[in-house]
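Biologist: Thanks for sitting down with me. Could we go through this model and ask what stands behind each label?

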Amino acid sequence: MAVMTPLMSFMNPDRLWWLAVPVAIALLYLVLAARRRATSGGSTNSILRRVLPRDAALKRHLSVLASVLSLASLVVAYARPQAMTQVPRERATIVVTIDVSRSMEATDVTPNRLDAAKSGAKDFVDSLPSAFNVALVTFAGTANVKMPPTTDRTQLKAAIDAIRLAPSTAIGEGIYTSLDVLEKLAPQDPDHPDDPAPGAIVLLSDGATNMGRDSADAATEAKKKNVPIYTIAYGTSTGYVVENGQRQTVAVNHAELSQVAKLSGGKKYSADSMKNLQAVYQTISRQIGYVEEYHEVTDRFAGIALIFAVLAAVGVISQAARWP
């Protein structure tokens with residue numbers, strides 16, 4: 001059973017008992033207001049209505065409410081609240097692994113699968129924390145390292161633009177090559193040089209393996225090395241290419257990519273349009289590029305308390321003084 005993580009915690013929760021003070025003040029005000037209404041006679045009410053502005057009671061109520069909320073916000077700030085926020089991971093290497101087989105020429109995704117994949121991949125690398133190293137691997141019948149791990153986004157996006165199509169599909173080879181990149185080329189942590197670099201593979205493909213080593217074995221190897229693979233099945237069931245004057249259907253194969261993700265400990269996604277692909281990349285970016293941590297937000301509640309205090313002061317002044 002999943003355990004829900006609270007959105008907020010307190011560094012000094014024992015101080016929250018001070019919330020009893022604004023609650024007590026609010027209750028006291030309600031009691032006094034009720035008693036005042038009960039003891040006021042009809043004639044007195046008529047006189048007061050003629051003497052006092054009609055909105056005086058409303059201003060009084062709002063002023064008291066703002067004062068109570070200001071006090072409550074100060075108490076929460078005094079307890080030093082912490083909110084769950086997303087912060088960039090300090091260090092990781094991501095391998096973007098793209099299928100460049102001939103089927104990626106299909107135009108069921110505008111302008112075609114490969115060009116849309118390039119655009120989505122560039123947006124993805126821009127969305128990752130700047131300290132992340134990103135590598136680029138492409139595969140068709142064989143796999144090639146187009147860019148070793150780098151933080152230079154300009155150089156990396158130039159490598160993505162230079163991708164060209166090739167025959168056949170070897171998903172397993174793409175995974176093994178990506179694992180080699182992480183093992184041999186990923187920068188080491190200077191404080192812990194013997195620890196493997198934290199990493200993940202983001203693999204985009206539209207087809208099934210027809211050459212090279214088995215992708216399931218490659219995914220199992222990735223699991224052993226603690227490298228999750230996030231697969232994206234890209235394209236539609238109606239995609240086709242024309243070869244030698246004949247139309248050949250190149251529908252997306254979801255089963256193999258699902259198996260790869262499951263065996264490696266990653267997740268499988270589907271994208272049948274450029275917009276959908278960008279949304280998938282954004283989701284993956286949040287999952288692998290950021291971590292949720294508690295951060296103190298005392299200043300946030302102190303600011304809220306100040307706002308309510310100003311509103312309360314304005315309300316009191318509007319009743320006690322005449323404006324020119």
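Biologist: Are F124 and Y281 buried or exposed?

Modeller: Both F124 and Y281 are buried. Keep in mind that this is a predicted model.

Biologist: What makes F124 and Y281 a stacked pair?

Modeller: The count comes to 2 aromatic pairs. For F124 and Y281, the ring centres lie 4.9 Å apart, inside the 6.5 Å limit, and the planes meet at 25 degrees, under the cut-off of 30, so the pair is stacked.

Biologist: Which parts does the pair of F124 and Y281 tie together?

Modeller: F124 belongs to helix α4 (residues 113–127) and Y281 to helix α9 (residues 274–289), so the contact links parts 157 residues apart in sequence.

Biologist: Let's turn to α1. How do you know that its length agrees with what a helix should span?

Modeller: At 1.5 Å a residue, the 20 residues of α1 should span 28 Å, and the C-alpha atoms at its ends are 28 Å apart, so the two agree.

Biologist: Which residues of α1 are buried, and why do you say that they line one face?

Modeller: P22, Y29 and A33 are buried in α1. Viewed down the helix axis, the buried residues of α1 fall within an arc of 30 degrees, so they line one face. On the other side of α1, L28, R35, A38 and T39 are exposed.

Biologist: Why is I25 called partly exposed?

Modeller: I25, in helix α1, has a relative accessibility of 37%; buried means under 20% and exposed means over 50%, so I25 counts as partly exposed.

Biologist: What makes S168 and N244 stand out in their backbone?

Modeller: Most residues other than glycine have a negative phi. S168 is not a glycine, yet its phi is positive, about 75 degrees. N244, also not a glycine, has a positive phi of about 55 degrees. S168 is in the loop between α5 and α6, and N244 is in the loop between β8 and β9.

Biologist: Why is N244 called exposed?

Modeller: Its relative accessible area is 82%, over the 50% cut-off, so N244 is exposed.

Biologist: How do you know that the peptide bond from T110 to P111 is cis?

Modeller: The omega from T110 to P111 is near -5 degrees, and the bond is cis. P111 sits in the loop between β3 and α4.

How values were computed
Residues are numbered from 1 along each chain as its sequence is written. This is a predicted model: local features need pLDDT of at least 70, side-chain atom pairs count only at pLDDT 80 or more; totals for chains, interfaces and linings use all residues. Side-chain values use heavy atoms; hydrogens and water are left out. Helices (H or I, at least four residues) and strands (E, at least two) are DSSP runs, numbered from the N terminus. Buried means under 20% relative accessible area, exposed over 50%, partly exposed in between (1.4 Å probe, protein chains only). The expected span of a helix is 1.5 Å times one less than its number of residues. The arc is that of the directions from the helix axis to the C-beta atoms. Rings of Phe, Tyr and Trp (its six-membered ring) pair if their centres lie within 6.5 Å; planes under 30 degrees apart count as stacked, over 60 as edge-to-face and the rest as tilted.
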